[in-house]
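Hi there,

Here is the structure I promised to pass on to you. Please have it open while you read, and my notes on it follow below.

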Amino acid sequence: MILMLGPLADSGTANLALTLTGMGSEFIILDPRSYGTKWSVDWSIEAGQFTGCVRTPRRTIAAEDITAIWAHMLLLPEHNNVETSPERLGPPARVASLIAFVDAFPGHVVNRPSSASTNSVKPYQARLIAASGFPPIPTLITTCPDEARRFIDTQGDVIFKSISWYRSRVRRVTNEDFARLDRVRNCPTQFQKFVPGHDVRVHRVGAQLFATEVVTTADDYRYVPLDGERTMTAVDLPADVAARCLTLADALDMDVCGIDLRRTPDGEHYCFEVNPIPGYLFYEQYTGQPIGETIAAWLDKPDVACERIRI
Amino acid sequence: MDDCAAQVYAGLRDAGHEVLLLDDSLSTTDLELNWRADTDTWGESWLGVHGRRVRLSDVRGILLRMLGPLRPSADQRPEDQRYVLIELVAALEGLLNAFPGTVINRPSPGLSGRNVYTRRRGAQLVARCGFAVPDLFALADRDRLVADLQRTGHPFVRVAGLHARVEPHIVRVAKLDESLAGLTGQAADQPIYAQSVPNGERRRIYVAGKRAIATGIPGASGTSGPEARPERAALEPVVANAACKLATELDLRFAAIDLVSTDDEQHYCLEVNEFPIYNHCTEEVQAEITSAMVEDLSATEEVAA
């Protein structure tokens with residue numbers, strides 16, 4: 001039994017549900033938004049053994065019958081109160097108990113909230129990326145306009161982007177931006193040396209990697225202007241880069257993830273971040289790579305041994 | 001200001017150290033930050049407030065007693081206030097994890113304050129350090145919770161929140177219904193996190209730097225009513241070592257570990273608090289904990305410029 005946690009409005013989750021149906025796999029899909037009102041989880045550790053169950057109005061599923069959990073978007077925008085009180089920055093108590101279950105569950109989870117949270121602090125994840133063998137990228141986080149100007153003058157082409165989980169459009173600093181750098185006093189801003197080359201998105205699914213090269217005229221290939229260009233092609237990674245990707249994903253405890261690389265003209269690979277909730281369908285539709293099918297097959301029969309808590 | 005921060009601040013000043021204090025009187029735009037995040041040298045990175053800047057290569061240690069409670073700037077729109085706060089917290093979490101000097105304690109991105117047993121392999125980690133793991137339950141069904149707890153045969157139950165939103169308290173299993181009826185608001189909606197507590201001596205072990213200091217626990221008798229201030233309790237070397245090992249494994253330089261030690265010398269770990277307070281303890285205990293943290297914060301070797 002696969003436990004899928006995620007809204008069907010998420011195309012990746014919906015596609016997996018369809019694929020699993022086609023495979024005849026046993027799964028249940030539950031929407032985190034109705035957790036606590038329409039369904040719940042109970043769990044315990046007794047005599048060192050993790051046990052638990054998922055309760056819905058129609059059935060109860062024992063934790064030991066769950067082979068894997070797909071956990072997607074446990075925290076939704078409606079969970080994020082707009083109040084700026086710091087206590088509100090954490091998950092609401094109701095969702096916190098679901099997050100605790102998913103984190104403590106001893107079987108396979110794609111991905112545990114504790115693993116996924118590394119992506120919410122980009123410079124933290126960047127250190128883990130560097131530790132896996134990818135070269136560091138000159139980066140400045142600052143509230144000081146003069147320091148920002150100095151960094152841009154020194155590094156040449158520089159992009160700026162968010163530091164946290166907030167999705168931001170990556171853009172190169174233009175002359176117009178340079179003139180309004182005083183605004184960084186209001187908010188710490190991350191500047192990074194622009195790395196020339198082509199983007200390579202790598203999806204890791206268990207032991208398999210699917211690499212897609214993106215050639216585009218835009219700084220951020222997700223946002224290509226109408227007059228811009230973007231081509232996406234399935235590619236093979238050099239063996240050493242593939243090994244680094246697997247090392248990195250293992251270090252982050254992510255069996256399924258999207259790794260953002262850029263290959264420079266001289267063949268070096270830089271890594272920007274690792275996405276724990278990869279929008280794999282976007283790449284699949286251009287390249288035909290069977291990423292969704294592979295994720296579904298992996299959830300059905302994970303290719304690594306399942307661990308059970310026994311102290 | 002937090003009492004712990006105030007005591008350590010005073011201790012560091014008394015020891016002749018220069019201290020920069022960033023407290024909750026600051027707004028998000030008062031704090032200045034400049035961090036070269038890709039290097040292991042810190043000479044170009046600094047923190048500042050009200051025009052005073054401190055190079056991070058001149059900083060030996062950082063005591064973190066809050067992360068986030070900076071006031072939003074009144075000049076910003078609410079949606080901007082939220083964005084700025086989230087970005088600032090992310091920047092500081094990244095910096096505090098990268099900084100090579102002493103940090104008490106490094107924050108876990110996104111998940112600070114969570115219970116040790118909800119971490120992956122948390123129960124195994126606690127056991128590996130030499131502690132017994134109490135039976136624990138996270139149940140939405142309260143009748144079932146009572147039944148399960150009665151099955152354990154232990155007389156007490158510790159009720160807490162999974163993310164510290166329910167004040168932890170210990171009650172007799174027989175009085176659990178009454179206790180749960182007192183939960184209100186969000187706490188009333190969430191599954192109850194309960195640990196069965198065996199009979200035994202209850203102690204709190206403060207791990208500060210390399211020292212472990214044991215005290216009694218308020219309410220340890222399991223009854224309500226005023227309690228004396230926790231004073232120093234005996235601590236066996238084997239338990240002290242286990243406490244230090246557990247704190248180290250969790251990357252905590254300051255932690256409070258709540259234990260129940262049974263007659264058959266099993267030491268059950270109920271909780272590891274990564275943000276402990278100690279101003280309710282006797283003066284002697286407070287002084288020793290403060291001294292241990294001052295020592296830890298001062299002990300770092302030079303940070304590379």
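**What I found**

In chain A, β12(A) and β13(A) make a hairpin with 2 residues between them, and A:G206 in the turn has a positive phi of about 55 degrees. Strands here are DSSP runs of E with at least two residues, helices are runs of H or I with at least four residues, and both are numbered from the N terminus.

Before we go on, a word on how to read all this: the model is predicted, local features need pLDDT of at least 70, side-chain atom pairs count only at pLDDT 80 or more, and totals for chains, interfaces and linings use all residues. Residues are numbered from 1 along each chain as its sequence is written, chains are lettered from A and ligands numbered from 1 in the order in which they are written, and side-chain values use heavy atoms, with hydrogens and water left out.

**Around the hairpin**

Two strands count as paired if DSSP finds at least two bridges between them. Strand β12(A) also runs antiparallel to strand β15 (residues 256-263) of chain A, and 8 bridges join them. You can see both pairings at A:R204: its bridge partner in β13(A) is A:L209, and in β15(A) A:R204 stands opposite A:C257.

Is β12(A) mostly covered or mostly open? Strand β12 (residues 198-205) of chain A is mostly covered, with 7 of its 8 residues buried. Buried means under 20% relative accessible area, exposed means over 50%, and partly exposed lies in between (1.4 Å probe, protein chains only).

Helix α8 (residues 280-287) of chain A has A:Y280, A:Y283 and A:E284 as its buried residues. They cover an arc of only 100 degrees around the axis, which puts them on the same side of α8(A). The arc is that of the directions from the helix axis to the C-beta atoms. Just after α8(A), A:G288 takes a positive phi of about 75 degrees.

Now look at helix α5 (residues 145-155) of chain A, where A:P145, A:E147, A:A148, A:F151, A:I152 and A:Q155 are buried. They cover an arc of only 165 degrees around the axis, which puts them on the same side of α5(A). On the other side, A:D146, A:D153 and A:T154 are exposed. The buried residues of α5(A) pack against elements of both chains, including β8 (139-142) of chain A and β1 (31-36) of chain B. Contact means heavy atoms within 4.5 Å. Just after α5(A), A:G156 has a positive phi of about 80 degrees.

**A sheet with strands from both chains**

An open sheet of 7 strands has the order β5(A)-β4(A)-β3(A)-β6(B)-β9(B)-β7(B)-β8(B), with antiparallel pairing. At its edges stand β5 (60-62) of chain A and β8 (169-172) of chain B, each with a single partner strand, so one side of each is left without a neighbour in the sheet. Within the sheet, strand β3 (residues 40-46) of chain A pairs with strand β4 (residues 49-55) of chain A over 7 bridges in the antiparallel sense.

Chain B has 8 helices and 13 strands, and buried residues make up 56% of its 305 residues.

Which residues have the most contacts inside the largest nonpolar core? They are A:F101, B:F131 and B:L246, in a core of 57 residues. A nonpolar core is a set of buried Ala, Val, Leu, Ile, Met, Phe, Trp, Tyr and Cys residues joined through side-chain atoms within 4.5 Å. Leaving aside neighbours within four places in sequence, B:F131 is in contact with residues including B:V126, B:V239 and B:L246.

Finally, B:T102 lies in strand β5 (residues 102-104) of chain B and is buried, with a relative accessible area of 4%. Beyond its neighbours within four places in sequence, B:T102 is in contact with residues including B:R60, B:R253 and B:T300.

Happy exploring!
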